[in-house]
Amino acid sequence: MRHGKYRFLVGALIVPLALYGVFVLSPYVQAFQLSLTNWNGVDSAPEFIGLENFSRLWSDPLFLAGLRHNGLMLLVVPLAVIAVALALAAATKGTRVYRVVYFFPQLLSVAIIAVLWQFVYTPNSGLLNGALSALGLDSWRRSWLAEPDLALWCVIVVMIWSSVGFYVVLFSAAMESVPEDITEAAAIDGAGPVTVFRRITLPLIWESVQVGWIYLGIAALDGFALVQIMTVGPGGPDNSTEVMGLGLYRSAFNFAKFGYASAMGVTIFFLTLSIAVLLLRVTRRERVELA
Amino acid sequence: MRIKHAVLTLWAALVTLPLLWAFMSSFKTDAEIFDSPWTPPATPRFDNWSRAWEQASIGQYLFNTVIVVGGALALTMLLGALTAYCLARYEFPGNRLLYYTLVAGMLFPVFLALVPLFFVVDNLGMLGTYHGLTLVYAAYALPFTVFFLHGFFRSLPGAVAEAAFIDGASHAGVFFRVMLPMARPGMVSVGIFNFLGLWNQYLLPKVLNPDPDHYVLAQGLAELAVSRGYGSDWSGLFAGLIIAILPVLLAYVFFQRQIRAGLTSGALK
């Protein structure tokens with residue numbers, strides 16, 4: 001059987017590896033090189049300037065604003081999504097139809113979600129102000145995306161809205177594999193529903209929750225599409241919704257500062273990596289095995 | 001109990017209301033949209049939909065998306081399965097290195113690659129072309145596909161393949177006729193995952209696909225919404241939004257169990 005093995009392997013692997021090398025691997029490697037230059041896309045030979053791009057980043061008010069806003073998203077979004085999703089997952093036990101509905105936003109492109117919510121937040125004809133008026137809360141009406149104090153929170157709400165359903169499904173699937181006799185035994189021993197959830201269910205589904213922390217943490221460093229589509233500028237009133245990805249996009253494709261933009265990309269990469277490692281460590285628990 | 005159902009209903013309303021409202025608005029006139037966001041249209045304006053489809057090019061964008069995503073999906077599944085199979089079932093020097101190099105692609109944020117990728121695609125003369133976007137989509141979907149299917153091919157029993165080899169089947173024959181059919185459940189899961197991921201792409205086309213005639217659906221809709229700003233053809237934009245949502249909604253209605261299972265199993269891998 002073995003003859004022709006290497007011919008087969010070479011024939012099978014050459015196209016996918018070439019594709020991966022050209023479009024994925026080489027850009028990633030080049031990004032690190034470019035980040036040390038001041039290339040503007042025109043000069044044939046980019047000039048090497050060492051770490052200057054990186055030191056400029058720390059005095060670039062726009063990038064620091066992006067960093068701050070992504071930091072706020074990182075603090076708020078994963079916690080809110082996991083809390084809401086755990087509560088809803090526990091509550092949907094036995095009523096699956098809710099999960100079918102909750103999951104739907106997961107299927108929509110973030111661009112479509114952004115356009116939809118831009119309509120919802122529109123001051124005069126939007127759903128949100130319309131709903132507030134219908135409830136007799138006219139004084140609560142706002143130009144949601146135009147007020148610097150509110151715009152970023154409006155974006156964060158959309159991030160939460162669009163992510164919760166996926167984690168409801170993920171967590172409720174994990175909860176279904178928790179054997180009923182354990183939770184029932186605990187209930188007979190006098191544990192209330194909160195205690196059962198905290199001491200039994202949560203440890204047994206922790207692996208799913210950990211996945212949630214890491215994915216949501218990484219996603220919180222993005223926000224590009226929502227901000228770019230929903231908020232004016234883009235970047236919001238007074239740059240109140242600026243995010244790092246938007247700064248990168250603008251530097252590269254509006255101002256042709258490709259070296260500088262690559263330095264932002266490298267920074268985003270190291271931040272993403274650190275967040276993932278940090279969350280992995282912080283959320284590590286003794287794995288609970290069911291015999 | 002009552003509180004529980006109230007909470008569940010509240011979230012269901014939060015999810016569905018914006019979508020239903022957009023659906024209703026897509027049949028209203030601009031004036032009706034501005035007068036009162038809540039009132040249904042006096043008469044349903046189907047011309048909003050045809051205006052979105054033709055004048056706002058949503059039909060063209062849908063066509064572009066089908067071409068690019070269809071091509072990229074077929075390419076990803078074929079190459080991904082082939083790569084995963086070779087790395088999972090054959091011993092050869094460098095096997096582990098190749099596997100980890102490929103899978104490492106999942107760890108990097110696309111933002112890191114964005115600038116050089118733009119120039120790679122530009123230098124190949126592929127900016128704003130169907131084939132350029134198709135190849136890039138396939139390349140970026142490859143790491144996860146290989147990762148997912150690698151585990152799948154590993155877990156398949158070897159006896160059937162051995163028997164086929166003894167019967168004189170070639171290496172390619174064993175892959176296409178024996179192993180690939182056995183890997184069908186895994187292919188379906190990762191196929192759904194890739195389809196939705198590619199269909200919903202925004203960042204890559206935004207950078208690599210500047211030609212308005214070749215815009216994909218999400219990108220085209222976002223450009224319409226951003227460039228028109230306040231006060232122009234709102235009803236047409238609502239109709240475009242609903243047209244963009246409908247294909248995914250229909251797919252979900254028919255395959256909702258498989259879609260949820262496919263997406264969540266991808267996350268836990």
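In this model, helix H8 (residues 180-188) and helix H9 (residues 193-204) of chain A pack with their axes 10 Å apart, at an angle of about 145°. Axes here are lines fitted to C-alpha atoms, for helices over the stretch in contact, and angles run from 0 to 180 degrees between N-to-C directions. Helices (H or I, at least four residues) and strands (E, at least two) are DSSP runs, numbered from the N terminus.

This is a predicted model, in which local features need pLDDT of at least 70 and side-chain atom pairs count only at pLDDT 80 or more, while totals for chains, interfaces and linings use all residues. Residues are numbered from 1 along each chain as its sequence is written, and chains are lettered from A and ligands numbered from 1 in the order in which they are written.

**The H8–H9 pair in chain A**

- H8(A) passes H9(A) in a right-handed crossing; a crossing is right-handed if the near helix is turned clockwise from the far one by less than a right angle, and left-handed if anticlockwise.
- On the H8(A) side, the contact is made by Ile182(A), Thr183(A), Ala186(A) and Ala187(A), and H9(A) brings Val196(A), Ile200(A) and Thr201(A).
- Two residues are in contact if their C-beta atoms, placed from the backbone, lie within 7 Å.
- Sorted by class, this helix contact has five nonpolar, two polar and no charged residues.
- For these classes, Ala, Val, Leu, Ile, Met, Phe, Trp, Tyr, Cys and Pro count as nonpolar, Asp, Glu, Lys and Arg as charged, and the others, Gly among them, as polar.

- Chain A has a mean pLDDT of 90, with 97% of its residues at 70 or more; pLDDT is the predictor's confidence in each residue, from 0 to 100.
- Within chain A, H8(A) has the lowest confidence, at a mean of 86, and helix H3 (residues 61-91) has the highest, at 95.
- Chain B also averages a pLDDT of 90, and 97% of its residues score at least 70.
- For the complex, the predictor gives an ipTM of 0.91 and a pTM of 0.91.

**Chain A as a whole**

- Chain A has 13 helices and zero strands.
- Its C-alpha trace spans about 75 × 75 × 35 Å along the principal axes.
- The radius of gyration of chain A is 24 Å, whereas a compact globule of 291 residues would have one near 19 Å; the radius is taken over C-alpha atoms, and the globule rule is 2.2 Å times the number of residues to the power 0.38.
- Buried residues make up 44% of the 291 residues in chain A. A residue is buried if 20 or more other C-beta atoms lie within 10 Å of its own, exposed if 12 or fewer, and partly exposed in between, with C-beta atoms placed from the backbone.
- Among the contacts in chain A with a separation of 6 or more, 71% join residues 24 or more positions apart.

**Chain B and its interface with chain A**

- Chain B comes to 13 helices and zero strands.
- The C-alpha atoms of chain B fill a box of roughly 75 × 60 × 35 Å, taken along the principal axes.
- Of the 269 residues of chain B, 47% count as buried.
- Among the contacts in chain B with a separation of 6 or more, 76% join residues 24 or more positions apart.
- At the interface, 65 residues of chain B are in contact with 72 residues of chain A.
- The side of chain B that touches chain A has 54 nonpolar, nine polar and two charged residues.

**Loop residues to look at**

- Most residues other than glycine have a negative phi, and most peptide bonds are trans.
- A cis peptide bond joins Gly233(A) and Pro234(A), with omega about -10°; Pro234(A) lies in the loop between helix H11 (224-230) and helix H12 (244-253) of chain A.
- Asp238(A) lies in the loop between H11 and H12 of chain A, and its phi is positive, near 55°.
- Asp238(A) counts as partly exposed because it has 13 C-beta neighbours inside 10 Å.
- Ser57(B), in the loop between helix H3 (47-54) and helix H4 (58-89) of chain B, has a positive phi near 65°.
- Ser57(B) counts as buried because it has 20 C-beta neighbours inside 10 Å.
- Asn124(A) is found in the loop between helix H5 (110-121) and helix H6 (127-134) of chain A, and is partly exposed, with 14 other C-beta atoms within 10 Å.
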